Amino acid sequence: MGLNPEFRRNIWREMTLHRLIVAPLALAAIFVLVYVADKHRTDGVAYMALTGIGLLGALWGGRLASDSVLSEIHNKTWDSQRMSALSPWTLTWGKLFGSTLFVWYCAVFCAAAYGMAMLTGDFSKIKEPEMLLALVLVSSFLAQAVALFSSLVSVRKGGSFMLAQEKTAYTLLGALTAFAVISFGYADVNWKMHWYSYELRVIEFTFISAVIFSAWAVIGSYRVMAEELQVKNTFFVWFIFNLFIVVYVFGIAVGAMPLLEQDIITKSFIAAFAVLGVIFYAALFSERKNPVAFRSMGKALKAVDLDGLFTLVPCWMVTFCLIAALVIVHSVVMGGEKAFLFFSGLFFALRDTFIVLYLNFSKNPKRADAAAVVYLLLIAFVLPLILYTAGIEEARAFFWAADSPYALAAGVLEAAAAFVLLKVRWRKNYGSVAAPIEQEG
Amino acid sequence: MIEVDSLSFEYPGVLALDNVSLSIEKGSIAALVGPNGAGKTTLLRCMAALEHPIAGTVKIGGVDAHEDPRVCHKKIGYLRDIFGLYDDLSVERCITYAAASHGIADAALPEAVKKAAARLRIDNHLLAKAGVLSRGLRQRVAIAQAVVHEPAVLILDEPASGLDPEARHTLSGLFLELSGQGMTLIVSSHILTELEEYSTHMIILDKGRVVSSSGVSGKAVGDEGAYFTVELIAPHAALENFLLSVDGVSNVSVKPGGAVFMLRGDASTQAELLKRLVGQGFGVKGFYETRENMHESYLKKIKETRGGA
């Protein structure tokens, strides 16, 4: 079996002889400069090497990973790749590792400089140099995987395409994630935490989390790539990811509270709901809301075609159903504790969903998601703030989830109103298959 | 080789393909023509298993394109209307990548690249960067990429747009060559005179529907009949009745100085009819198969469809 063609293409593109020679020389020159400027101490070299890996890996690597997908669209070569015999996995790892190979080549020299500095210098400031290096390396990979995943999601969503802006956005998304993770590497090494009842050092937990989330980002990239290559996907992997998030966040929340703390379960549920809520809204806005696919989903539902249904159901719907199921479970288990809060939150989320769909199901849905963000911000923040400043504090219950029957009633009414609007628009615009083209060609 | 059955495709609010059915035989070159917005590109993309229809099926060599898209992709070469190349790679590497990504083993890559380059007459440009090539050469590299894995079906969307007349002529020759080697081609184009050079079939699409699917010389698909013209030295009143009395003759249309009619049968049937015409004293000065001009045929069909709509 030969080398992955996509990986090889990236080697041709990235690993030119000129670059292979110049990169180590340039890096060596920088490290010598830092060494000399730092009065022949190696601290500066070590920090510079770590910073180099972080910047190269997370920023430049993220940009290259994002570019490996977005430039295919921009250069009109994406259809050729979609038509190839390459499997989604071959294409995913060929892009992820191939496009960033030169960055890792440079990182090897940085890591070598870091290692040499560690061996020859006094490093009381860096308590665990190996762990810090490992964290920076895995964070860089996480940044690249996140950048690749978000670029693929953007391609899958379609619509207007702005190469430079999108590339920058997804690079920053990956890099910010990486830098957030790396920041824990500089925390006190003795800082400990609990995940459920397991006691771990924060740096260890951060490292393990970064490894796991890198794996999820790669799995996510693979799934979206498979969809692009017309390979049928079901929602089960997304569902497992959601369950993982619940278990992960629940563990942090439970671990952070004393065991005898009152409401420990409810508070942990609130933490899990908050994170699932973020995932729900991220999925709602990043997925394509094609009315034709929704109609096909309706047909599959009516025909009890489970294969079709499981393929067509959007991720945000899966997350919403999971949240709803957890709310019901919590309500039953905890005897209705904070039930108004959770159920009102659920109905407000439903209202938001209907508004987003309402805008997307217009006849000209350009920038529908951007418009939806504006409307939702108005409803969730600006309007309540106006009422608050006008002295009507109680009105908050009409816009935000709260442990009050008024909030629940408001949520139900607003969701119902949004649903009616959505239904009318759906029937008018997309209730049936479009009529054949009648205009002159 | 290609069977499209009741295919419908909908963009939100627009039914781009409306119950399209057609059949394309192995080794033929089908010209897909129609006005802008007729659904040609959408149909080609559905055939290439790049888009998922709301109803109907596409079968490529018996494989359902939407059930097994990846299997179909191995059988198909596709060149879209606006295509791109990896500009920073050499032509050789571009074609090598295309070959490898279609599953050709490493050991067989140099030979496959050599063959594709020779076919497209770009062997002298293998070391040039794709980004510096002329429009015509880029087109040839793109086609070389599409055929390097020897697909059974080659789908080309506006392959000649932007090419000069000489390059177009070369392309026509290449299509005939590929067809001669057993490849089935579907070519979408607006340039009907050029399609006429190599197409064996013409499929007219209008408003998402197939208006006509026929041989370019007027043959109905799967029909052995062909149109013939008989020219007489002087008009003869009995010509129409005589022709209608002959077995295998239909659609007789008498014109000044002769008639056009459809005749079913082989060359000996044609010779027999000619012999009988001469024997009956019709004063035949010409007898030949009528090749309807593709452009005229296209306009006629479109006019008929719209007039009847």
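Visitor: Is C106(A) buried or exposed?
Guide: C106(A) counts as buried, because its relative accessibility is 5%. Buried means a relative accessible area under 20%, exposed means over 50%, and partly exposed lies in between, with a 1.4 Å probe and protein chains only.

Visitor: Where do these values come from?
Guide: The model is predicted, and local features need pLDDT of at least 70, side-chain atom pairs count only at pLDDT 80 or more, while totals for chains, interfaces and linings use all residues. Residues are numbered from 1 along each chain as its sequence is written, chains are lettered from A and ligands numbered from 1 in the order in which they are written, and side-chain values use heavy atoms, leaving out hydrogens and water.

Visitor: Back to cysteines, then. How many disulfides are there over all chains?
Guide: A search of the whole structure finds zero disulfides, a disulfide being a pair of cysteine sulfur atoms within 2.5 Å. The closest cysteine sulfur to that of C106(A) belongs to C110(A), and at 6.9 Å it is too far for a bond. C110(A) is likewise in no disulfide, its nearest cysteine sulfur being that of C106(A). C110(A) is buried, with a relative accessible area of 1%.

Visitor: Let us change topic. How many helices and strands does chain A have?
Guide: Chain A has 17 helices and two strands. Helices (H or I, at least four residues) and strands (E, at least two) are DSSP runs, numbered from the N terminus. The C-alpha atoms of chain A fill a box of roughly 70 × 70 × 45 Å along the principal axes. Of its 441 residues, 49% are buried.

Visitor: And chain B?
Guide: Chain B has ten helices and 14 strands, and its C-alpha trace spans about 70 × 45 × 30 Å along its principal axes. Of the 309 residues of chain B, 51% count as buried. The chain is divided into domain 1 (2–215) and domain 2 (226–289), with bounds from an automatic or database domain assignment. The C-alpha centres of these two domains lie 41 Å apart.

Visitor: How many salt bridges does the structure hold?
Guide: There are 30 salt bridges over all chains. A salt bridge is a side-chain nitrogen of Lys or Arg within 4 Å of a carboxyl oxygen of Asp or Glu. In one of them, the side chains of E72(A) and K95(A) meet, with 3.1 Å from N to O. This pair links distant parts of the chain, 23 residues apart: E72(A) is in helix α3 (residues 43–74) of chain A and K95(A) in helix α5 (residues 88–99) of chain A. E72(A) is buried at a relative accessible area of 2%, and K95(A) is buried at 0% relative accessibility.

Visitor: Which residue forms a salt bridge with R82(A)?
Guide: The partner of R82(A) is E228(A), with the closest N and O atoms 3.8 Å apart. R82(A) lies in helix α4 (residues 78–82) of chain A and E228(A) in helix α9 (residues 202–228) of chain A, so the pair ties together parts that are 146 residues apart in sequence. R82(A) and E228(A) are both buried.
E228(A) also meets R156(A) in a salt bridge, at 2.7 Å from N to O. R156(A) is in helix α7 (residues 129–157) of chain A, 72 residues from E228(A). R156(A) is partly exposed, with a relative accessible area of 29%.

Visitor: Which residues are linked in a network of salt bridges?
Guide: The network links D79(A), R82(A), R156(A), E227(A), E228(A), R45(B), E51(B) and R80(B).

Visitor: Now to E287(A). Where is E287(A) found?
Guide: E287(A) is in the loop between α11 (264–286) and α12 (291–302) of chain A. E287(A) is buried yet has no salt bridge, since K289(A), its nearest side chain of opposite charge, is 7.2 Å away; Lys and Arg count as positive and Asp and Glu as negative, while His and the chain ends are not counted.

Visitor: What is E287(A) in contact with?
Guide: Leaving aside neighbours within four places in sequence, E287(A) is in contact (heavy atoms within 4.5 Å) with K157(A), P314(A), C315(A) and W316(A). The backbone nitrogen of W316(A) lies 3.0 Å from a polar atom of the E287(A) side chain.

Note on methods: A polar contact is a pair of N or O atoms within 3.5 Å; within protein, one must be able to donate a hydrogen and the other to accept it, and residues adjacent in sequence count only if both atoms are side-chain atoms.
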